[in-house]
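Subject: Structure handover

Hello,

Please find the structure below, with its sequence. My notes come after it.

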Amino acid sequence: MIVTSARRLLARIFLLLAGGSLVFAIEGAAQKRPARAKRTRRVEGISAASFRLTIPKLAGPRVAGLYDYGYRVNVPRMVEPSPEADRADRPERSLLLARERIREADQLRVLGTADSLREAVSRYEEGLRLYRASGKSAAPGDLAAALNQLGAISDSLGDRQQAIGYYAQAAPLWRAAGDRESEASTLAQLGRIYNGLGDKKQAQQFFGQARLIVQTASLITVTTESLSNVAREATTLFNLGKLYEEQGEGQKAFDHFQRAFAIWRESDDRKGQASALNSMGSIAARSGKLPQANQMFEQALPLWRAIGDPRGEAVSLSNLGFVADGLGQKRRALDLYSRSLALWRSVGDKRSEATALGDLASLHTALGDPEQAMRLYLEALPLRRAAGDKRGEATTLNNLGALHLNAGRRDAAIESYTQALRLRREIGDKRGEAIALGNLALAHQANNDLPAALQSYQQSLDLAQSTRDKTRIAGTLAGMGEIYAALNDKPKARASLEQALALWRELKDREREAAALALLARVYSSLGEKQRAADAYRQSLAAWKLTVPWNR
(Lines give C-alpha, C1' and ligand atoms only; values in the text may rest on other atoms or scores of the structure.)
Protein backbone atom coordinates (compact mmCIF):
# COMPACT_ATOMS: atom_id res chain seq x y z
CA MET A 1 0.00 0.00 0.00
CA ILE A 2 2.85 2.33 0.86
CA VAL A 3 4.58 1.62 -2.42
CA THR A 4 1.36 2.30 -4.31
CA SER A 5 0.85 5.59 -2.49
CA ALA A 6 4.42 6.55 -3.14
CA ARG A 7 4.12 5.77 -6.83
CA ARG A 8 0.95 7.81 -7.10
CA LEU A 9 2.66 10.71 -5.37
CA LEU A 10 5.67 10.49 -7.63
CA ALA A 11 3.38 10.31 -10.65
CA ARG A 12 2.01 13.67 -9.58
CA ILE A 13 5.34 15.33 -8.80
CA PHE A 14 5.66 16.99 -12.17
CA LEU A 15 2.02 17.99 -12.23
CA LEU A 16 2.46 19.56 -8.83
CA LEU A 17 5.67 21.27 -9.81
CA ALA A 18 4.03 22.50 -13.00
CA GLY A 19 1.51 24.52 -11.04
CA GLY A 20 1.56 28.29 -11.48
CA SER A 21 3.59 30.53 -9.25
CA LEU A 22 2.58 33.86 -7.78
CA VAL A 23 2.27 36.27 -10.66
CA PHE A 24 2.82 39.94 -10.00
CA ALA A 25 1.29 42.13 -12.64
CA ILE A 26 2.66 45.61 -12.23
CA GLU A 27 0.51 48.41 -13.50
CA GLY A 28 2.36 50.39 -16.12
CA ALA A 29 5.17 47.85 -16.22
CA ALA A 30 6.08 44.57 -17.78
CA GLN A 31 5.19 41.56 -15.73
CA LYS A 32 7.75 39.96 -13.45
CA ARG A 33 7.67 36.75 -11.53
CA PRO A 34 8.84 36.71 -7.96
CA ALA A 35 10.03 33.83 -5.82
CA ARG A 36 7.59 30.95 -5.29
CA ALA A 37 5.34 31.27 -2.27
CA LYS A 38 5.88 28.92 0.66
CA ARG A 39 2.18 28.17 0.84
CA THR A 40 0.90 28.16 -2.71
CA ARG A 41 -2.18 26.24 -3.67
CA ARG A 42 -1.47 23.33 -5.96
CA VAL A 43 -3.89 21.38 -8.07
CA GLU A 44 -2.59 18.58 -10.24
CA GLY A 45 -1.20 20.30 -13.29
CA ILE A 46 -3.32 23.38 -12.76
CA SER A 47 -1.60 26.68 -12.19
CA ALA A 48 -2.37 28.47 -8.94
CA ALA A 49 -4.35 31.67 -8.82
CA SER A 50 -2.62 34.62 -10.38
CA PHE A 51 -1.40 37.06 -7.80
CA ARG A 52 -0.96 40.62 -8.97
CA LEU A 53 0.41 43.77 -7.53
CA THR A 54 -0.08 47.33 -8.66
CA ILE A 55 2.66 49.82 -7.83
CA PRO A 56 3.20 53.47 -8.66
CA LYS A 57 5.00 54.15 -11.88
CA LEU A 58 8.72 53.95 -11.22
CA ALA A 59 11.35 56.05 -12.88
CA GLY A 60 11.65 55.36 -16.57
CA PRO A 61 8.95 54.44 -19.11
CA ARG A 62 7.12 51.14 -18.93
CA VAL A 63 4.87 49.08 -21.14
CA ALA A 64 1.26 49.45 -20.00
CA GLY A 65 -1.22 46.62 -19.81
CA LEU A 66 1.14 43.69 -20.23
CA TYR A 67 0.82 41.09 -17.49
CA ASP A 68 2.69 38.18 -19.03
CA TYR A 69 5.31 37.41 -21.63
CA GLY A 70 3.95 36.17 -24.88
CA TYR A 71 5.36 37.08 -28.25
CA ARG A 72 8.90 37.12 -29.53
CA VAL A 73 9.69 40.32 -31.39
CA ASN A 74 12.55 39.93 -33.83
CA VAL A 75 13.71 43.44 -34.55
CA PRO A 76 16.65 44.10 -36.85
CA ARG A 77 19.37 46.10 -35.22
CA MET A 78 19.66 48.37 -38.22
CA VAL A 79 16.58 49.99 -39.72
CA GLU A 80 16.64 51.01 -43.34
CA PRO A 81 15.87 54.71 -43.78
CA SER A 82 12.44 55.47 -45.12
CA PRO A 83 11.99 57.77 -48.16
CA GLU A 84 10.41 60.32 -45.86
CA ALA A 85 13.48 60.30 -43.66
CA ASP A 86 15.79 60.63 -46.65
CA ARG A 87 14.10 63.91 -47.46
CA ALA A 88 14.92 65.19 -43.97
CA ASP A 89 18.08 67.02 -45.00
CA ARG A 90 18.25 69.17 -41.87
CA PRO A 91 18.74 68.18 -38.21
CA GLU A 92 15.65 70.12 -37.18
CA ARG A 93 13.51 68.20 -39.66
CA SER A 94 14.93 64.89 -38.41
CA LEU A 95 14.18 65.87 -34.84
CA LEU A 96 10.55 66.73 -35.66
CA LEU A 97 10.09 63.46 -37.54
CA ALA A 98 11.68 61.54 -34.68
CA ARG A 99 9.25 63.00 -32.16
CA GLU A 100 6.34 62.19 -34.45
CA ARG A 101 7.47 58.55 -34.76
CA ILE A 102 7.83 58.24 -30.98
CA ARG A 103 4.32 59.65 -30.46
CA GLU A 104 2.94 57.16 -32.96
CA ALA A 105 4.83 54.35 -31.22
CA ASP A 106 3.45 55.38 -27.83
CA GLN A 107 -0.10 55.27 -29.17
CA LEU A 108 0.44 51.82 -30.66
CA ARG A 109 2.07 50.53 -27.48
CA VAL A 110 -0.94 51.49 -25.37
CA LEU A 111 -3.18 49.25 -27.51
CA GLY A 112 -1.25 46.26 -26.17
CA THR A 113 -2.01 43.78 -28.97
CA ALA A 114 0.64 41.65 -30.63
CA ASP A 115 0.24 43.49 -33.96
CA SER A 116 0.27 46.94 -32.37
CA LEU A 117 3.39 46.12 -30.37
CA ARG A 118 5.23 44.88 -33.45
CA GLU A 119 4.35 48.10 -35.23
CA ALA A 120 5.33 50.13 -32.15
CA VAL A 121 8.76 48.51 -32.19
CA SER A 122 9.20 49.57 -35.81
CA ARG A 123 8.20 53.18 -35.03
CA TYR A 124 10.48 53.37 -31.98
CA GLU A 125 13.40 52.11 -34.06
CA GLU A 126 12.66 54.64 -36.80
CA GLY A 127 12.40 57.38 -34.18
CA LEU A 128 15.79 56.38 -32.77
CA ARG A 129 17.40 56.51 -36.20
CA LEU A 130 15.95 59.96 -36.81
CA TYR A 131 17.06 61.19 -33.38
CA ARG A 132 20.59 60.11 -34.20
CA ALA A 133 20.39 61.76 -37.61
CA SER A 134 19.54 65.05 -35.93
CA GLY A 135 22.97 65.12 -34.30
CA LYS A 136 23.36 67.21 -31.16
CA SER A 137 19.72 68.32 -31.35
CA ALA A 138 18.58 65.05 -29.76
CA ALA A 139 18.73 64.92 -25.97
CA PRO A 140 20.26 61.76 -24.42
CA GLY A 141 17.09 61.30 -22.37
CA ASP A 142 14.95 61.11 -25.51
CA LEU A 143 17.13 58.34 -26.91
CA ALA A 144 17.17 56.52 -23.57
CA ALA A 145 13.37 56.72 -23.22
CA ALA A 146 12.85 55.14 -26.64
CA LEU A 147 15.41 52.41 -25.86
CA ASN A 148 13.68 51.71 -22.54
CA GLN A 149 10.35 51.25 -24.31
CA LEU A 150 11.96 48.86 -26.79
CA GLY A 151 13.56 46.97 -23.92
CA ALA A 152 10.28 46.77 -22.01
CA ILE A 153 8.36 45.54 -25.06
CA SER A 154 10.99 42.93 -25.93
CA ASP A 155 11.10 41.71 -22.34
CA SER A 156 7.32 41.61 -22.04
CA LEU A 157 7.04 39.64 -25.25
CA GLY A 158 9.63 37.08 -24.22
CA ASP A 159 12.81 38.22 -26.03
CA ARG A 160 15.07 38.73 -23.04
CA GLN A 161 18.36 38.89 -24.90
CA GLN A 162 17.07 41.66 -27.11
CA ALA A 163 15.74 43.46 -24.04
CA ILE A 164 19.20 43.29 -22.46
CA GLY A 165 20.66 44.95 -25.55
CA TYR A 166 18.21 47.84 -25.43
CA TYR A 167 18.54 48.43 -21.69
CA ALA A 168 22.33 48.27 -21.87
CA GLN A 169 22.27 51.07 -24.45
CA ALA A 170 19.82 53.12 -22.39
CA ALA A 171 21.69 53.09 -19.05
CA PRO A 172 24.67 55.30 -20.06
CA LEU A 173 22.33 57.68 -21.89
CA TRP A 174 20.30 58.21 -18.71
CA ARG A 175 23.57 58.94 -16.93
CA ALA A 176 24.54 61.45 -19.62
CA ALA A 177 21.13 63.08 -19.22
CA GLY A 178 21.67 63.37 -15.48
CA ASP A 179 18.56 61.29 -14.75
CA ARG A 180 19.92 58.99 -12.06
CA GLU A 181 16.52 57.56 -11.08
CA SER A 182 15.85 56.36 -14.62
CA GLU A 183 19.39 54.99 -14.78
CA ALA A 184 18.76 53.06 -11.57
CA SER A 185 15.43 51.78 -12.90
CA THR A 186 17.09 50.56 -16.09
CA LEU A 187 19.87 48.83 -14.16
CA ALA A 188 17.24 47.16 -11.99
CA GLN A 189 15.49 45.89 -15.11
CA LEU A 190 18.79 44.39 -16.30
CA GLY A 191 19.25 42.76 -12.90
CA ARG A 192 15.75 41.32 -13.00
CA ILE A 193 16.26 39.84 -16.47
CA TYR A 194 19.62 38.28 -15.59
CA ASN A 195 18.08 36.93 -12.40
CA GLY A 196 15.35 35.31 -14.48
CA LEU A 197 17.99 33.81 -16.77
CA GLY A 198 19.72 32.24 -13.78
CA ASP A 199 22.81 34.46 -13.90
CA LYS A 200 22.73 35.43 -10.22
CA LYS A 201 26.19 36.99 -10.18
CA GLN A 202 25.45 39.38 -13.04
CA ALA A 203 22.02 40.14 -11.57
CA GLN A 204 23.48 41.09 -8.20
CA GLN A 205 25.97 43.42 -9.87
CA PHE A 206 23.19 45.36 -11.58
CA PHE A 207 21.00 45.36 -8.46
CA GLY A 208 23.95 46.65 -6.44
CA GLN A 209 24.59 49.48 -8.90
CA ALA A 210 20.91 50.43 -8.92
CA ARG A 211 20.65 50.39 -5.14
CA LEU A 212 23.77 52.54 -4.77
CA ILE A 213 22.33 55.15 -7.15
CA VAL A 214 18.98 55.23 -5.38
CA GLN A 215 20.63 55.52 -1.97
CA THR A 216 23.14 58.20 -2.91
CA ALA A 217 21.33 60.22 -5.55
CA SER A 218 17.65 59.96 -4.67
CA LEU A 219 17.21 59.73 -0.91
CA ILE A 220 16.27 63.18 0.32
CA THR A 221 15.78 64.39 3.87
CA VAL A 222 12.12 65.15 4.49
CA THR A 223 11.15 68.67 5.44
CA THR A 224 7.69 69.86 6.42
CA GLU A 225 7.88 72.63 3.85
CA SER A 226 8.45 70.41 0.86
CA LEU A 227 5.71 67.99 -0.09
CA SER A 228 7.64 67.07 -3.25
CA ASN A 229 10.53 65.93 -1.09
CA VAL A 230 8.14 63.81 0.95
CA ALA A 231 6.75 62.18 -2.20
CA ARG A 232 10.24 61.67 -3.56
CA GLU A 233 11.44 59.94 -0.40
CA ALA A 234 8.41 57.64 -0.37
CA THR A 235 9.05 56.66 -3.99
CA THR A 236 12.74 56.13 -3.24
CA LEU A 237 11.95 53.89 -0.29
CA PHE A 238 9.46 51.97 -2.40
CA ASN A 239 11.98 51.53 -5.22
CA LEU A 240 14.58 50.28 -2.75
CA GLY A 241 12.00 47.86 -1.41
CA LYS A 242 11.39 46.48 -4.89
CA LEU A 243 15.14 46.04 -5.37
CA TYR A 244 15.44 44.13 -2.09
CA GLU A 245 12.40 42.07 -3.07
CA GLU A 246 14.02 41.16 -6.40
CA GLN A 247 17.11 40.00 -4.52
CA GLY A 248 15.12 37.79 -2.18
CA GLU A 249 15.57 39.97 0.92
CA GLY A 250 11.94 39.93 1.96
CA GLN A 251 12.25 41.49 5.40
CA LYS A 252 14.29 44.44 4.13
CA ALA A 253 11.77 44.92 1.33
CA PHE A 254 8.87 44.82 3.79
CA ASP A 255 10.53 47.41 6.04
CA HIS A 256 11.02 49.80 3.12
CA PHE A 257 7.45 49.35 1.91
CA GLN A 258 6.21 50.00 5.43
CA ARG A 259 8.18 53.25 5.67
CA ALA A 260 6.92 54.35 2.24
CA PHE A 261 3.35 53.55 3.30
CA ALA A 262 3.69 55.74 6.41
CA ILE A 263 4.84 58.69 4.30
CA TRP A 264 2.10 58.23 1.71
CA ARG A 265 -0.51 57.97 4.45
CA GLU A 266 0.75 61.18 6.05
CA SER A 267 0.55 62.99 2.70
CA ASP A 268 -2.84 61.36 1.86
CA ASP A 269 -1.50 59.72 -1.30
CA ARG A 270 -4.07 56.95 -1.74
CA LYS A 271 -2.52 55.30 -4.74
CA GLY A 272 0.83 55.13 -2.98
CA GLN A 273 -0.82 53.65 0.11
CA ALA A 274 -2.65 51.01 -1.93
CA SER A 275 0.53 50.10 -3.79
CA ALA A 276 2.55 49.77 -0.59
CA LEU A 277 -0.19 47.66 1.02
CA ASN A 278 -0.23 45.34 -1.99
CA SER A 279 3.54 44.96 -1.84
CA MET A 280 3.56 44.28 1.90
CA GLY A 281 0.68 41.85 1.45
CA SER A 282 2.58 39.94 -1.21
CA ILE A 283 5.57 39.45 1.06
CA ALA A 284 3.31 38.38 3.91
CA ALA A 285 1.57 35.87 1.63
CA ARG A 286 4.86 34.42 0.43
CA SER A 287 5.91 34.03 4.06
CA GLY A 288 2.77 32.02 4.76
CA LYS A 289 1.13 34.82 6.77
CA LEU A 290 -2.15 34.70 4.88
CA PRO A 291 -4.35 36.44 7.49
CA GLN A 292 -1.92 39.37 7.60
CA ALA A 293 -1.83 39.49 3.80
CA ASN A 294 -5.62 39.43 3.68
CA GLN A 295 -5.82 42.41 6.03
CA MET A 296 -3.47 44.44 3.85
CA PHE A 297 -5.30 43.64 0.63
CA GLU A 298 -8.60 44.52 2.31
CA GLN A 299 -7.16 47.92 3.23
CA ALA A 300 -5.96 48.50 -0.34
CA LEU A 301 -9.31 47.73 -1.97
CA PRO A 302 -11.28 50.86 -0.85
CA LEU A 303 -8.29 53.06 -1.71
CA TRP A 304 -8.39 51.92 -5.34
CA ARG A 305 -12.13 52.53 -5.41
CA ALA A 306 -11.73 55.99 -3.91
CA ILE A 307 -9.41 57.10 -6.72
CA GLY A 308 -11.51 55.40 -9.40
CA ASP A 309 -8.86 52.88 -10.49
CA PRO A 310 -10.64 49.72 -11.73
CA ARG A 311 -7.35 48.03 -12.58
CA GLY A 312 -6.06 48.44 -9.06
CA GLU A 313 -9.40 47.22 -7.72
CA ALA A 314 -9.26 44.15 -9.97
CA VAL A 315 -5.75 43.39 -8.79
CA SER A 316 -6.72 43.63 -5.12
CA LEU A 317 -9.77 41.43 -5.68
CA SER A 318 -7.56 38.84 -7.35
CA ASN A 319 -5.07 39.01 -4.47
CA LEU A 320 -7.88 38.56 -1.97
CA GLY A 321 -9.14 35.61 -3.99
CA PHE A 322 -5.73 33.99 -3.82
CA VAL A 323 -5.56 34.42 -0.05
CA ALA A 324 -9.13 33.16 0.44
CA ASP A 325 -8.27 30.08 -1.59
CA GLY A 326 -5.13 29.52 0.47
CA LEU A 327 -7.21 29.75 3.65
CA GLY A 328 -9.61 27.12 2.32
CA GLN A 329 -12.42 29.60 1.65
CA LYS A 330 -13.14 28.30 -1.83
CA ARG A 331 -16.58 29.86 -2.30
CA ARG A 332 -15.36 33.29 -1.21
CA ALA A 333 -12.41 32.95 -3.58
CA LEU A 334 -14.80 32.09 -6.40
CA ASP A 335 -16.79 35.28 -5.77
CA LEU A 336 -13.65 37.44 -5.58
CA TYR A 337 -12.20 36.03 -8.80
CA SER A 338 -15.53 36.53 -10.58
CA ARG A 339 -15.64 40.18 -9.52
CA SER A 340 -12.06 40.64 -10.69
CA LEU A 341 -12.94 39.09 -14.06
CA ALA A 342 -15.86 41.51 -14.51
CA LEU A 343 -13.55 44.49 -13.92
CA TRP A 344 -10.93 43.27 -16.39
CA ARG A 345 -13.67 42.89 -18.98
CA SER A 346 -14.94 46.41 -18.22
CA VAL A 347 -11.53 47.94 -19.01
CA GLY A 348 -11.03 45.77 -22.10
CA ASP A 349 -7.85 44.07 -20.85
CA LYS A 350 -7.98 40.75 -22.71
CA ARG A 351 -4.71 39.46 -21.33
CA SER A 352 -5.79 39.94 -17.73
CA GLU A 353 -9.26 38.61 -18.57
CA ALA A 354 -7.60 35.39 -19.73
CA THR A 355 -5.59 35.22 -16.51
CA ALA A 356 -8.74 35.68 -14.43
CA LEU A 357 -10.47 32.91 -16.38
CA GLY A 358 -7.49 30.70 -15.55
CA ASP A 359 -7.85 31.60 -11.86
CA LEU A 360 -11.49 30.54 -11.93
CA ALA A 361 -10.70 27.35 -13.86
CA SER A 362 -8.07 26.35 -11.33
CA LEU A 363 -10.51 26.93 -8.50
CA HIS A 364 -13.26 24.90 -10.18
CA THR A 365 -10.77 22.05 -10.52
CA ALA A 366 -10.08 22.23 -6.78
CA LEU A 367 -13.83 22.22 -6.16
CA GLY A 368 -14.20 18.98 -8.16
CA ASP A 369 -15.73 20.47 -11.30
CA PRO A 370 -13.23 19.65 -14.08
CA GLU A 371 -15.83 20.14 -16.83
CA GLN A 372 -16.35 23.79 -15.86
CA ALA A 373 -12.59 24.21 -15.54
CA MET A 374 -12.17 22.87 -19.06
CA ARG A 375 -14.76 25.31 -20.41
CA LEU A 376 -13.02 28.26 -18.74
CA TYR A 377 -9.58 27.29 -20.03
CA LEU A 378 -10.98 26.88 -23.53
CA GLU A 379 -12.51 30.35 -23.22
CA ALA A 380 -9.16 31.80 -22.15
CA LEU A 381 -7.15 30.13 -24.93
CA PRO A 382 -8.31 32.29 -27.89
CA LEU A 383 -7.83 35.43 -25.75
CA ARG A 384 -4.21 34.41 -25.16
CA ARG A 385 -3.69 33.77 -28.87
CA ALA A 386 -5.35 37.02 -29.95
CA ALA A 387 -3.00 38.97 -27.66
CA GLY A 388 0.05 37.09 -28.95
CA ASP A 389 0.60 35.88 -25.37
CA LYS A 390 2.56 32.71 -26.05
CA ARG A 391 3.68 32.22 -22.46
CA GLY A 392 0.09 32.46 -21.23
CA GLU A 393 -1.07 30.20 -24.06
CA ALA A 394 1.52 27.60 -23.04
CA THR A 395 0.34 27.73 -19.42
CA THR A 396 -3.28 27.27 -20.50
CA LEU A 397 -2.35 24.33 -22.73
CA ASN A 398 -0.43 22.78 -19.85
CA ASN A 399 -3.49 23.05 -17.62
CA LEU A 400 -5.72 21.59 -20.32
CA GLY A 401 -3.24 18.74 -20.69
CA ALA A 402 -3.50 18.02 -16.96
CA LEU A 403 -7.29 17.88 -17.16
CA HIS A 404 -7.10 15.52 -20.13
CA LEU A 405 -4.59 13.29 -18.34
CA ASN A 406 -6.65 13.13 -15.15
CA ALA A 407 -9.69 12.16 -17.23
CA GLY A 408 -7.75 9.37 -18.96
CA ARG A 409 -7.60 11.16 -22.33
CA ARG A 410 -3.89 10.39 -22.78
CA ASP A 411 -3.56 11.23 -26.47
CA ALA A 412 -5.27 14.60 -25.93
CA ALA A 413 -2.93 15.27 -23.00
CA ILE A 414 0.13 14.47 -25.12
CA GLU A 415 -1.11 16.84 -27.83
CA SER A 416 -1.68 19.69 -25.35
CA TYR A 417 1.71 19.20 -23.69
CA THR A 418 3.43 19.01 -27.08
CA GLN A 419 1.89 22.34 -28.13
CA ALA A 420 2.93 23.88 -24.82
CA LEU A 421 6.48 22.60 -25.31
CA ARG A 422 6.69 24.15 -28.78
CA LEU A 423 5.58 27.53 -27.44
CA ARG A 424 8.04 27.41 -24.53
CA ARG A 425 10.86 26.77 -26.98
CA GLU A 426 9.73 29.58 -29.27
CA ILE A 427 9.97 32.16 -26.50
CA GLY A 428 13.17 30.75 -25.00
CA ASP A 429 11.60 29.84 -21.66
CA LYS A 430 13.97 27.14 -20.38
CA ARG A 431 12.19 26.57 -17.09
CA GLY A 432 8.82 26.31 -18.84
CA GLU A 433 10.35 23.95 -21.38
CA ALA A 434 11.56 21.69 -18.56
CA ILE A 435 8.05 21.68 -17.04
CA ALA A 436 6.43 20.83 -20.38
CA LEU A 437 8.90 17.99 -20.95
CA GLY A 438 8.23 16.59 -17.48
CA ASN A 439 4.49 16.67 -18.09
CA LEU A 440 4.96 15.07 -21.49
CA ALA A 441 6.99 12.32 -19.83
CA LEU A 442 4.13 11.67 -17.40
CA ALA A 443 1.64 11.45 -20.27
CA HIS A 444 3.89 9.02 -22.19
CA GLN A 445 4.34 6.99 -19.02
CA ALA A 446 0.58 6.82 -18.50
CA ASN A 447 0.31 5.72 -22.15
CA ASN A 448 2.82 2.93 -21.39
CA ASP A 449 5.39 4.39 -23.80
CA LEU A 450 8.32 4.14 -21.37
CA PRO A 451 11.16 4.87 -23.85
CA ALA A 452 9.45 8.12 -24.92
CA ALA A 453 8.85 9.02 -21.28
CA LEU A 454 12.50 8.40 -20.41
CA GLN A 455 13.65 10.54 -23.34
CA SER A 456 11.44 13.44 -22.23
CA TYR A 457 12.64 13.11 -18.65
CA GLN A 458 16.28 13.21 -19.77
CA GLN A 459 15.71 16.39 -21.77
CA SER A 460 13.92 17.93 -18.80
CA LEU A 461 16.79 16.94 -16.51
CA ASP A 462 19.38 18.58 -18.78
CA LEU A 463 17.42 21.84 -18.74
CA ALA A 464 16.84 21.74 -14.98
CA GLN A 465 20.55 21.19 -14.37
CA SER A 466 21.44 24.10 -16.66
CA THR A 467 19.24 26.42 -14.58
CA ARG A 468 20.22 24.78 -11.25
CA ASP A 469 16.59 24.11 -10.38
CA LYS A 470 17.04 21.58 -7.56
CA THR A 471 13.33 20.90 -7.11
CA ARG A 472 12.92 20.13 -10.78
CA ILE A 473 16.11 18.02 -10.82
CA ALA A 474 14.89 15.95 -7.87
CA GLY A 475 11.45 15.41 -9.39
CA THR A 476 12.93 14.39 -12.73
CA LEU A 477 15.38 11.95 -11.15
CA ALA A 478 12.53 10.39 -9.16
CA GLY A 479 10.47 9.94 -12.31
CA MET A 480 13.42 8.45 -14.17
CA GLY A 481 14.08 6.10 -11.27
CA GLU A 482 10.53 4.76 -11.43
CA ILE A 483 10.82 4.16 -15.17
CA TYR A 484 14.20 2.43 -14.83
CA ALA A 485 12.62 0.17 -12.22
CA ALA A 486 9.73 -0.62 -14.59
CA LEU A 487 12.28 -1.42 -17.31
CA ASN A 488 14.06 -3.74 -14.82
CA ASP A 489 17.24 -1.64 -14.94
CA LYS A 490 17.69 -1.78 -11.16
CA PRO A 491 21.18 -0.21 -10.88
CA LYS A 492 20.07 2.90 -12.76
CA ALA A 493 16.81 3.00 -10.80
CA ARG A 494 18.78 2.88 -7.55
CA ALA A 495 21.21 5.62 -8.64
CA SER A 496 18.44 7.96 -9.81
CA LEU A 497 16.30 7.49 -6.71
CA GLU A 498 19.23 7.93 -4.32
CA GLN A 499 20.14 11.21 -6.01
CA ALA A 500 16.51 12.33 -5.81
CA LEU A 501 16.36 11.35 -2.12
CA ALA A 502 19.46 13.39 -1.30
CA LEU A 503 17.97 16.47 -2.98
CA TRP A 504 14.56 16.10 -1.29
CA ARG A 505 16.36 15.93 2.06
CA GLU A 506 18.42 18.99 1.21
CA LEU A 507 15.21 20.80 0.25
CA LYS A 508 13.51 19.52 3.45
CA ASP A 509 10.55 18.14 1.48
CA ARG A 510 9.40 15.35 3.78
CA GLU A 511 6.52 14.03 1.68
CA ARG A 512 8.60 13.61 -1.48
CA GLU A 513 11.43 12.21 0.61
CA ALA A 514 9.02 9.57 1.91
CA ALA A 515 7.87 8.73 -1.63
CA ALA A 516 11.46 8.29 -2.82
CA LEU A 517 12.26 6.09 0.21
CA ALA A 518 9.28 3.85 -0.52
CA LEU A 519 10.39 3.34 -4.12
CA LEU A 520 13.99 2.81 -3.04
CA ALA A 521 12.89 0.16 -0.57
CA ARG A 522 11.29 -1.75 -3.42
CA VAL A 523 14.46 -1.46 -5.52
CA TYR A 524 16.69 -2.51 -2.61
CA SER A 525 14.45 -5.52 -2.01
CA SER A 526 14.66 -6.57 -5.67
CA LEU A 527 18.46 -6.30 -5.46
CA GLY A 528 18.51 -8.60 -2.42
CA GLU A 529 19.44 -5.84 0.04
CA LYS A 530 16.75 -6.78 2.56
CA GLN A 531 18.08 -4.80 5.52
CA ARG A 532 18.41 -1.59 3.51
CA ALA A 533 14.91 -2.18 2.15
CA ALA A 534 13.51 -2.57 5.68
CA ASP A 535 15.33 0.57 6.86
CA ALA A 536 14.00 2.57 3.90
CA TYR A 537 10.44 1.37 4.58
CA ARG A 538 10.69 2.37 8.24
CA GLN A 539 12.02 5.84 7.35
CA SER A 540 9.27 6.25 4.77
CA LEU A 541 6.60 5.31 7.31
CA ALA A 542 7.99 7.80 9.82
CA ALA A 543 7.70 10.62 7.30
CA TRP A 544 4.06 10.02 6.34
CA LYS A 545 1.42 12.00 8.20
CA LEU A 546 -1.22 9.65 9.58
CA THR A 547 -4.70 10.76 10.62
CA VAL A 548 -6.95 9.02 13.16
CA PRO A 549 -10.52 8.71 11.75
CA TRP A 550 -12.18 8.51 15.13
CA ASN A 551 -12.35 10.44 18.40
CA ARG A 552 -10.79 8.92 21.46
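This is a predicted model: local features need pLDDT of at least 70, side-chain atom pairs count only at pLDDT 80 or more; totals for chains, interfaces and linings use all residues.

Residues are numbered from 1 along each chain as its sequence is written, and side-chain values use heavy atoms, with hydrogens and water left out.

Whole chain

The protein chain has 24 helices and zero strands. Helices (H or I, at least four residues) and strands (E, at least two) are DSSP runs, numbered from the N terminus. The chain has 552 residues, and 57% of them count as buried. Here buried is under 20% relative accessible area, exposed is over 50%, and partly exposed is in between (1.4 Å probe, protein chains only). Among contacts (heavy atoms within 4.5 Å) with a separation of 6 or more, 63% are between residues 24 or more positions apart.

Salt bridges

The count is 35 salt bridges, each being a side-chain nitrogen of Lys or Arg within 4 Å of a carboxyl oxygen of Asp or Glu. Three of the pairs are described here.

- Arg-101 and Glu-104 form a salt bridge at 3.5 Å, N to O. Both Arg-101 and Glu-104 are buried. They are about one helical turn apart, because they sit three residues from each other in helix α3 (residues 91-111). A network of salt bridges links Arg-101, Glu-104, Glu-119 and Arg-123.
- Arg-175 and Glu-183 form a salt bridge at 2.8 Å, N to O. Arg-175 is partly exposed, with a relative accessible area of 45%, whereas Glu-183 is buried at 2% relative accessibility.
- Glu-426 and Lys-390 form a salt bridge at 2.6 Å, N to O. This pair links distant parts of the chain, 36 residues apart: Glu-426 is in helix α18 (residues 410-426) and Lys-390 in helix α17 (residues 390-406). Glu-426 is partly exposed at 29% relative accessibility, and Lys-390 is partly exposed at 21%.

Helix pair α13 and α14

Two packed helices are described by the angle between their axes and the distance between the axes. For helix α13 (residues 310-326) and helix α14 (residues 330-346), the axes come within 8 Å and cross at roughly 160°. Axes are lines fitted to C-alpha atoms, for helices over the stretch in contact, and angles run from 0 to 180 degrees between N-to-C directions. The two helices are therefore roughly antiparallel, the term for angles over 145 degrees. The crossing of α13 and α14 is left-handed, that is, the near helix is turned anticlockwise from the far one by less than a right angle. Residues making the contact include Leu-317, Leu-320 and Phe-322 of α13 and Leu-336, Tyr-337 and Trp-344 of α14.

Positive phi

Most residues other than glycine have a negative phi. Arg-468 has a positive phi, near 60°; this residue lies in the loop between α20 (450-466) and α21 (470-486) and is exposed, with a relative accessible area of 73%. Lys-508 also has a positive phi, near 60°. Lys-508 lies in the loop between α22 (490-506) and α23 (510-526) and is exposed at 70% relative accessibility.

Regards

Note on methods. Angles under 35 degrees count as roughly parallel, over 145 as roughly antiparallel, 65 to 115 as roughly perpendicular and the rest as oblique.
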